[in-house]
Amino acid sequence: KQWYQRRVAITAGGAGCHRFEDESYTFEPDFPSSSPFVTTVGGTMFTAVFSDVNEKGNDISGGGFSNIFSMPKYQMETVSGYLNSSVKGLPDSKYYNSSNRAYPDVSAMSDDFWII
């Protein structure tokens, strides 16, 4: 028998994770974006119109950590390095489980770019 691997690509979600107003909540990541059985694609954009420098995550693109699935081995080193870097603007870690599957897996330009 021949077995074929199928790969499914899913957007990272258009609203990010859901947030609530009281202090007892945690982020609720999108599904199936947070599943390790799909490749999740996030969106990026340039920080200035008509510019091709300073790319950032699109404000309407989702991402985060699963509340269900554990982190695959292939993500461990990269995620740990990112969380231990001097990156600014991360939410308080009490709102997410950074030991679970991170998403998106890859990102691509999604807004404010020209196609010629």
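**Aromatic pairs and a salt bridge**

Phenylalanine 65 and tyrosine 96 are both buried. They belong to a predicted model. Across the whole structure, a search finds three aromatic pairs. The count of salt bridges comes to one.

**Edge-to-face pair**
- A pair of aromatic rings is described by the distance of the centres and the angle of the planes.
- The ring centres of phenylalanine 37 and phenylalanine 69 lie 6.1 Å apart.
- Their planes stand at 90°, so this pair is edge-to-face.
- Phenylalanine 37 sits in the loop between strand S1 (9–11) and strand S2 (39–46).
- Phenylalanine 69 sits in strand S4 (residues 64–70), so the pair links distant parts of the chain, 32 residues apart.
- Phenylalanine 37 has 62% relative accessibility and counts as exposed.
- Phe37 and Phe69 form one aromatic cluster together with Phe31.

**Stacked pair**
- The rings of phenylalanine 65 and tyrosine 96 have centres 5.3 Å apart.
- Their planes are at 10°, so this pair is stacked.
- Phenylalanine 65 belongs to strand S4.
- Tyrosine 96 lies in the loop between helix H1 (73–83) and strand S5 (100–103).

**Salt bridge**
- Side chains of opposite charge can pair when their charged atoms come close.
- Arginine 101 forms a salt bridge with aspartate 105.
- The closest N and O atoms of arginine 101 and aspartate 105 are 2.9 Å apart.
- Arginine 101 is buried, at 0% relative accessible area.
- Aspartate 105 counts as partly exposed, at 28% relative accessibility.

Terms used. Residues are numbered from 1 along each chain as its sequence is written. This is a predicted model: local features need pLDDT of at least 70, side-chain atom pairs count only at pLDDT 80 or more; totals for chains, interfaces and linings use all residues. Side-chain values use heavy atoms; hydrogens and water are left out. Rings of Phe, Tyr and Trp (its six-membered ring) pair if their centres lie within 6.5 Å; planes under 30 degrees apart count as stacked, over 60 as edge-to-face and the rest as tilted. Helices (H or I, at least four residues) and strands (E, at least two) are DSSP runs, numbered from the N terminus. Buried means under 20% relative accessible area, exposed over 50%, partly exposed in between (1.4 Å probe, protein chains only). A salt bridge is a side-chain nitrogen of Lys or Arg within 4 Å of a carboxyl oxygen of Asp or Glu.
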